[in-house]
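Thanks for coming, everyone. Let me put the model on the screen and walk you through it.

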Amino acid sequence: MNSINVKTLRFKKFDEVIPLNQEMTFEKFIEFDNKEFPDIYQYKNVCVGNTLEDKINIDDPVFIISNRSVLQYVHCLVDNIGTFLFLKNYIPNLKIKIIVPKRKNFEFPIGYRDNFQKGIFQLLGFSYEECLLFTEEKNYVFSNVYDFSEILRSFAISNRYNFIFNEVKKHFIKFLTKYDVKKKYYISRSRMNDSRSIKNVQIFESYFKDKGYEFVFLEDLSFEEQANIFYNAEEIVSVIGTGLTNTIFCDPGTRILAINTSPDKYFWSGWCRISKEMQLNYTDISLMSETNEAEDLINKLKSINDYNF
């Protein structure tokens with residue numbers, strides 16, 4: 001056994017998680033000969049909370065994540081749930097626990113977030129609410145925590161290992177329904193107000209509507225409904241955003257056009273890597289202009305449109 005401070009565990013990058021300043025032990029649980037996979041570690045006597053008093057012991061094998069990480073779709077679905085599903089192949093009775101350090105700052109997800117979180121956990125066989133642990137009020141000692149190495153888990157697992165995408169698809173695809181006819185979908189962000197927004201977006205979107213694309217607002221859909229859209233897509237067009245994480249569920253050969261209107265801030269190679277791993281026909285183009293006016297973007301799209309979208 002080696003000794004390590006719990007603060008170096010994977011959730012160290014989340015400032016709102018405040019673990020106890022006490023030592024735990026860890027050892028390598030599974031070492032893979034195939035280095036396509038990271039080794040699995042077992043951490044013992046992991047204490048999380050603000051005080052040593054009123055400790056609650058949890059003997060079940062658990063995988064720990066922070067509440068902040070489940071509020072972000074890509075980190076929830078890929079980095080955390082994907083990791084959990086991989087670990088569960090080797091620890092069948094593994095549970096998920098979500099650390100919430102301050103109840104007063106915790107807003108239970110509503111709307112879009114409520115849809116995807118509850119849906120994901122339901123299809124995992126868990127109640128989202130039952131996974132929450134409020135460490136400001138109580139202190140928990142986990143007998144057995146399973147994860148990858150403490151160094152690796154300070155980063156997003158999907159930035160290093162592509163196998164995690166297949167773990168997600170393998171589990172959730174059995175809940176999806178194949179439609180009789182595949183469709184072309186345009187993922188609309190017209191309700192969003194951020195730096196990726198397109199001025200006069202209706203004009204820009206009309207360009208794709210005239211080409212026969214069906215418009216989808218992911219914020220209106222449950223997790224399962226979103227996954228089904230991508231599972232049954234012939235083509236997907238979307239301004240780059242976290243919704244493209246759902247390309248995990250696309251069939252091989254599905255055509256993806258990811259439009260980047262703000263590449264300096266919102267470029268993440270993960271969507272390209274998902275498409276490569278899932279054998280999709282992926283195109284990533286930058287349509288950023290000084291104004292992000294719809295007409296300017298359409299003209300730029302036409303000038304580089306060798307992809308017949």
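Start just after helix H8, where glutamine 279 takes a positive phi of about 60 degrees. Glutamine 279 is a residue other than glycine. Its place is the loop between H8 and strand S12, residues 281-286. Helices here are DSSP runs of H or I with at least four residues, strands are runs of E with at least two, and both are numbered from the N terminus. Glutamine 279 is exposed, because its relative accessible area is 58%. For the cut-offs: buried is under 20% relative accessible area, exposed is over 50%, and partly exposed is in between, with a 1.4 Å probe and protein chains only.

A word on the source: this is a predicted model, so local features need pLDDT of at least 70, side-chain atom pairs count only at pLDDT 80 or more, and totals for chains, interfaces and linings use all residues. Residues are numbered from 1 along each chain as its sequence is written, and side-chain values use heavy atoms, with hydrogens and water left out.

Now H8 itself, residues 270-277. Which of its residues are buried? Gly270, Trp271, Arg273, Ile274 and Ser275 are.

Threonine 283 is buried, because its relative accessibility is 11%.

Asparagine 45, not a glycine either, has phi of about 55 degrees. Asparagine 45 sits in strand S3, residues 40-48. At 45% relative accessibility, it counts as partly exposed.

Step back for the whole protein. It has nine helices and 12 strands. There are 309 residues, and 54% of them are buried. Take contacts with a separation of 6 or more: residues 24 or more positions apart account for 75% of those. Contact means heavy atoms within 4.5 Å.

Next, a helix pair. Two packed helices are described by the angle between their axes and the distance between the axes. The pair is H2, residues 73-88, and H4, residues 163-172. Their axes come within 8 Å and cross at roughly 75 degrees. Axes are lines fitted to C-alpha atoms, for helices over the stretch in contact, with angles from 0 to 180 degrees between N-to-C directions. H2 and H4 are therefore roughly perpendicular to each other. That label covers 65 to 115 degrees; under 35 is roughly parallel, over 145 roughly antiparallel, and the rest oblique.

Who meets whom? From H2 come Leu77, Val78, Ile81, Gly82, Thr83, Leu85 and Phe86. From H4 come Phe163, Ile164, Phe165, Glu167, Val168, His171 and Phe172. The residues of this contact divide into 10 nonpolar, three polar and one charged. Nonpolar means Ala, Val, Leu, Ile, Met, Phe, Trp, Tyr, Cys and Pro; charged means Asp, Glu, Lys and Arg; the others, Gly among them, are polar.

On to the rings. Rings of Phe, Tyr and Trp (its six-membered ring) pair if their centres lie within 6.5 Å; planes under 30 degrees apart are stacked, over 60 edge-to-face, and the rest tilted. By this rule there are 22 aromatic pairs. In one of them, tyrosine 161 and phenylalanine 163 have ring centres 5.8 Å apart and planes at 65 degrees, so the pair is edge-to-face. Tyrosine 161 is buried at 19% relative accessibility, and phenylalanine 163 is buried at 6%. Both belong to a cluster linked by ring pairs, together with Phe32, Phe37, Phe86, Tyr90 and Phe148.

Some rings also meet a charge. The test is NZ of Lys or CZ of Arg within 6 Å of the ring centre and within 35 degrees of the ring normal. Lysine 178 lies over the face of tyrosine 231, 3.6 Å from the ring centre. The charged end of lysine 209 sits over phenylalanine 215, 4.9 Å from the ring centre.

Last stop: asparagine 232. Where is it? In the loop between helix H6, 223-231, and strand S10, 233-239. Buried or exposed? Asparagine 232 counts as buried, at 0% relative accessibility. Leaving aside neighbours within four places in sequence, asparagine 232 is in contact with Thr177, Lys178, Tyr179, Lys182, Lys183 and Tyr185.
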